[in-house]
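Have the viewer open while you read.

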Amino acid sequence: MLKINSYNESSFSFYKDVVSSKRNTVNKPRLKGELETISNDQSSYFDVYDDAFSSNSLSSIAAGSYNDNDKANLNGLYSYRSKKIQELKNLLTRHPLHTENILNTCQNCTINEADTMDHVLAQTEFPEFAVHPKNLFPCCGFCNKKKSDKYVDEEGNLLFLNLFLDDLPQSQYLHVNFGDNWLPRFYLDQPTDVSDKVFNLIKSHYERLDLLTRFSDSDPCRQIRTHKLGRF
């Protein structure tokens, strides 16, 4: 896993570019006008997201109060195959340390190719951020399907790592044993210098994405090299 660089230009300008690329259709003859009507609200929502992103407090954001038509229009802005989204994906999959290289492996799991974009705050509850460039994280289809729409649990605890924001421990927490016939068993163990809060977040991420089983089913030597047994 690697913490990857987030989009560093104007988030709302990105949104406006996506809106500009849309056209009125037979089914949506007033789409452009309806999106323009909520432009100021969208600008305010984007400011809220950017501020929360800067302080790593996305869980504090409340969903917008749009009607069903506006929600549908906003959700319709997102298409993985659209030019702007593909440009964003190409930018985000640059290696954070060696920018001349493409890092097209899903950093949520380090197993599969990043062939989708995950919405950090789910589209269903937060359509206003359907094309916010800091709300879109390149990942594989398997991880995307395994992730729920929830960002936090009932107690407000984060459920998944945000690899734009979260600093991973330098101490080893991922381990592997080899049993009979050299079958691998991956497991997590909390280092003494890693807080309960950080370790519980890592544990939740691994459990909810079924990573330990998926590592065992893939190439264990590759996982050891990729994760460096917890040293990122």
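For the classes, Ala, Val, Leu, Ile, Met, Phe, Trp, Tyr, Cys and Pro count as nonpolar, Asp, Glu, Lys and Arg as charged, and the others, Gly among them, as polar. On a 1 Å grid over the protein atoms alone, a cavity is a set of points where a 1.4 Å probe fits but cannot get out, and a lining residue has an atom within 4 Å of a point. Points are joined across faces, edges and corners, and a volume is the space filled by probe spheres set on them.

This is a predicted model, so local features need pLDDT of at least 70 and side-chain atom pairs count only at pLDDT 80 or more, while totals for chains, interfaces and linings use all residues. Residues are numbered from 1 along each chain as its sequence is written, and side-chain values use heavy atoms, with hydrogens and water left out.

Searching the whole structure turns up 2 cavities of 30 Å³ or more. The largest cavity holds about 80 Å³ of space, and its lining consists of N108, D118, V120, F137, K147, Y151, F160, L161, N162 and L163. By class that gives 6 nonpolar, 2 polar and 2 charged residues.

## Residues around the cavities

Helices here are DSSP runs of H or I with at least four residues, strands are runs of E with at least two, and both are numbered from the N terminus. T93 is buried, with a relative accessible area of 3%; buried means under 20%, exposed over 50%, and partly exposed in between, using a 1.4 Å probe and protein chains only. Not counting residues up to four places away in sequence, T93 touches N101, I102, L103, N104 and P138, where contact means heavy atoms within 4.5 Å.

H95 belongs to the loop between α5 and β1 and is buried at 15% relative accessible area. Beyond four places in sequence, H95 touches L2, N101 and L103. H95 and I4 are 91 residues apart in sequence, yet their C-alpha atoms are 7.3 Å apart.

At 2% relative accessibility, N108 counts as buried. With neighbours within four places left aside, its partners are M1, F137, C139, C143, L161, L163, H205, L209 and L211.

## The largest pocket

Now for the open space: the largest pocket has a volume of about 430 Å³. Among its 21 lining residues, N157, L158, K197, V198 and L201 are the closest to the centre. The lining has 8 nonpolar, 7 polar and 6 charged residues. A pocket is an open set of points with protein on both sides within 12 Å along at least five of seven lines.

## Core and helix packing

Which residues have the most contacts inside the largest nonpolar core? They are Y15, L58 and Y206, in a core of 62 residues. Such a core is a set of buried Ala, Val, Leu, Ile, Met, Phe, Trp, Tyr and Cys residues joined through side-chain atoms within 4.5 Å. Y15 is found in helix α1 and is buried at 2% relative accessibility. Leaving aside neighbours within four places, Y15 contacts L35, Q42, F46, L74, L77 and V131, while L58 contacts Y49, A52, F53, V120, L121, Y151, N162 and L165.

Helix α1 (residues 11–21) also packs on helix α5 (residues 83–92), at an angle of about 145° and with axes 9 Å apart. Here F14, D17 and V18 in α1 meet K84, I85 and L88 in α5, which makes 4 nonpolar, no polar and 2 charged residues. The axes are lines fitted to C-alpha atoms, for helices over the stretch in contact, with angles from 0 to 180 degrees between N-to-C directions.

## Two positive phi values

N56 has a positive phi of about 50° although it is not a glycine. N56 lies in the loop between α3 (39–54) and α4 (68–75) and is partly exposed at 34% relative accessibility.

D210, not a glycine either, has a positive phi of about 55°. D210 is placed in the loop between α7 (196–208) and α8 (211–217) and is partly exposed, with a relative accessible area of 28%.
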